[in-house]
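Biologist: I would like to learn how to read a few features of a protein model. Please take them one at a time, with the general idea before the case.

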Amino acid sequence: MLSLIELERLIAAGDVDTVIVGFADMQGRLTGKRVSARLFSEEVAKHGAECCTYLLAVDVDMNTVGGYAMSGWDTGYGDMVMTPDFTTLRLIPWLPGTALVIADVSFHDGTAVSAAPRSVLKRQIDRLARRGLVPYAGTELEFMVFDNTYREAWAMGYRGLTPASDYNIDYAMAASTRMEPLLRDIRLSMTGAGMYCEGVKGECNRGQQEIAFRYDHALVTCDNHTIYKNGVKEIADRHGKAITFMAKFDEREGNSCHIHLSLRDRDDRAVFADRDGEHQMSSLFGSFLAGQLATLRELTLFYAPNINSYKRFMASSFAPTAVAWGMDNRTAAVRVVGHGLGMRMECRVPGGDVNQYLAVAALIAGGLHGIEQHLLLPDPLAGNAYDSAAERLPQTLGDAAALFADSAVAREAFGAEVVEHYTNNARVELAAFNSAVTDWERVRGFERL
């Protein structure tokens, strides 16, 4: 991590020649521009940098689409301002001579762009702060490694790719060692970029891995997640490999992004654990969890934002289907673990394709709903949640978008503009998917129908 003064020294010495100014878009991708270090020092550090508003109003292919109030042909696709948050300034070890800073985006009058994912999360953090509460989070992001380059994978239509392992390597050492040159480079690079890398483990699918990072303040964790997810792909490309964070690449296990969340007070004391016995849940934690269960279905759009996200929700897959909570129960949507400062909830709904800012914002909003309404927590589910009578998560993007659009909790927490913005994004994705002809349809229908 760097201070602005330290960056100025590196620029003067010729050690840094490029500064990336970026933010996470609707899809959670690092978006922005590279500027010369001289320009950053002379202009951008003080005044920010401009970018087009369409960056928060396009689909995953960067196609301009209608339905967004903040940006469109009728508004001329004007600019917004990226204002650096210097608490995020750091060197990027895998890009020579490069520093990076995360920016907040606003309109020229200084008004924050409310639909920007970082803005959505900061609003929920502010709501907690008014109650004297501080959120800490960790995101467990899984990915799959392939022995093909990204350009080869594109040319192959993403068919016939070679996974970096041939069988289930969950916690396995030998098969994962084959990927260790890449994985070690990622770990050391992220450590060099100011992150606390805890380690790596193999996962169930072929070529699947999870690199874990130390929990931190929720905003810091989400900023780091943005840089990490982008950097992993850049590092893999340098190794001649490709990585995917798709929620469900094939019919085997999907890529999850379990999110751990806990709260502390302003004096850094635990509020989820009962102070009379640090292994017991506090009443505040009970209401916070009850809020998760009450809002899980209507806020699922922020946990599962894509068509593919819903392919993960399969029985006996370690991805949840039931709206239930349990003590150290991996079959439930919400799992409670830890004690003292480490007592926390784990939301198992998000996949690797999640926008982390929106997901953490939804967890906070759901928890605050439970606290504000004094909701009572039902007994934990014991046993197999897949076989329980608990209510089910939405099974399609369309179902989730409809629940989100009608959610009074979402409108109160995020504002009508944000709800409409992300509901429109879901409509755009559904329209694109429904107009596409898939390989599955051709195989089933070309000759036999």
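Biologist: Is M62 buried or exposed, or does M62 count as partly exposed?

Modeller: First, a caution: this is a predicted model. Buried means under 20% relative accessible area and exposed means over 50%, with partly exposed in between. M62 has 33% relative accessibility, so M62 counts as partly exposed. As for its place, M62 is in the loop between β3 (49-52) and β4 (79-84).

Biologist: What is the phi of M62?

Modeller: The backbone angle is read together with the residue type. M62 is not a glycine, yet its phi is positive, about 65°. Another case is Y77, a residue other than glycine with a positive phi near 45°. Y77 also lies in the loop between β3 and β4.

Biologist: Does Y77 count as buried or exposed?

Modeller: Y77 counts as buried because its relative accessibility is 13%, and the cut-off for buried is under 20%.

Biologist: How is a pair of aromatic rings described?

Modeller: A pair of aromatic rings is described by two quantities, the distance of the centres and the angle of the planes. The structure holds 15 aromatic pairs. One of them is formed by F272 and F285, which are stacked, with 3.9 Å centre to centre and 5° between the planes. Planes under 30 degrees apart count as stacked, so the angle of 5° settles the label.

Biologist: Which parts of the chain does the pair of F272 and F285 link?

Modeller: The pair links distant parts of the chain, 13 residues apart: F272 is in the loop between β12 and β13, while F285 is in helix α8 (residues 283-295). The loop of F272 runs between β12 (257-265) and β13 (273-274).

Biologist: Are F272 and F285 buried or exposed?

Modeller: F272 counts as buried because its relative accessibility is 1%. F285 counts as buried as well, at 0%.

Biologist: What does F272 touch beyond its sequence neighbours?

Modeller: Residues up to four places away are not counted in such a list. F272 touches L261, S262, L263, Q280, M281, S282, L284, F285, F288, M343 and R344. A separate reading uses C-alpha atoms: those of F272 and G342 are separated by 8.8 Å, and the two residues are 70 apart along the chain.

Biologist: Which rings are linked into a cluster?

Modeller: Ring pairs can share members and so be read as a group. Here they link F302, F404, F414 and Y422 into a cluster.

Biologist: Where do charged side chains lie over rings?

Modeller: The distance is taken to the ring centre. K201 lies over the face of Y171, at 3.9 Å from the ring centre. The charged end of R264 sits over the ring of Y136, 4.3 Å from its centre.

Biologist: How is the second largest pocket read, and what is its volume?

Modeller: Begin with the volume, then go to the lining. The second largest pocket has about 870 Å³ of space. Its lining has 41 residues, and those closest to its centre are E140, E210, H258, H260 and E346. Elements giving two or more residues to this lining are β7 (133-146), β8 (197-202), β9 (208-213), β12, β16 (334-337) and β17 (344-347). The largest share, 6 residues, comes from β7. By class, the lining has 13 nonpolar, 11 polar and 17 charged residues.

Biologist: Which residues is E140 in contact with?

Modeller: E140 is found in strand β7. Leaving aside neighbours within four places in sequence, E140 is in contact with E210, S256, C257, H258, H260 and E346. E140 counts as partly exposed because its relative accessibility is 22%.

Biologist: How many cavities of 30 Å³ or more are found?

Modeller: A search of the whole structure finds 1 cavity of 30 Å³ or more. The largest cavity has a volume of about 60 Å³. F23, A24, I102, A103, D104, V105, A116, P117, R118 and Y357 line it.

Biologist: Which element gives the most to the lining of the largest cavity?

Modeller: β6 gives the most, with 4 residues. At least two residues each come from β1 (18-24), β6 (98-106) and α3 (117-129). By class, the lining of the largest cavity has 8 nonpolar, no polar and 2 charged residues.

Notes:
Residues are numbered from 1 along each chain as its sequence is written. This is a predicted model: local features need pLDDT of at least 70, side-chain atom pairs count only at pLDDT 80 or more; totals for chains, interfaces and linings use all residues. Side-chain values use heavy atoms; hydrogens and water are left out. Buried means under 20% relative accessible area, exposed over 50%, partly exposed in between (1.4 Å probe, protein chains only). Contact means heavy atoms within 4.5 Å. Rings of Phe, Tyr and Trp (its six-membered ring) pair if their centres lie within 6.5 Å; planes under 30 degrees apart count as stacked, over 60 as edge-to-face and the rest as tilted. A charge sits over a ring if NZ of Lys or CZ of Arg is within 6 Å of the ring centre and within 35 degrees of the ring normal. On a 1 Å grid over the protein atoms alone, a cavity is a set of points where a 1.4 Å probe fits but cannot get out, and a pocket is an open set with protein on both sides within 12 Å along at least five of seven lines; lining residues have an atom within 4 Å of a point. Grid points are joined across faces, edges and corners, and a volume is the space filled by probe spheres set on the points. Ala, Val, Leu, Ile, Met, Phe, Trp, Tyr, Cys and Pro count as nonpolar, Asp, Glu, Lys and Arg as charged, and the others, Gly among them, as polar.
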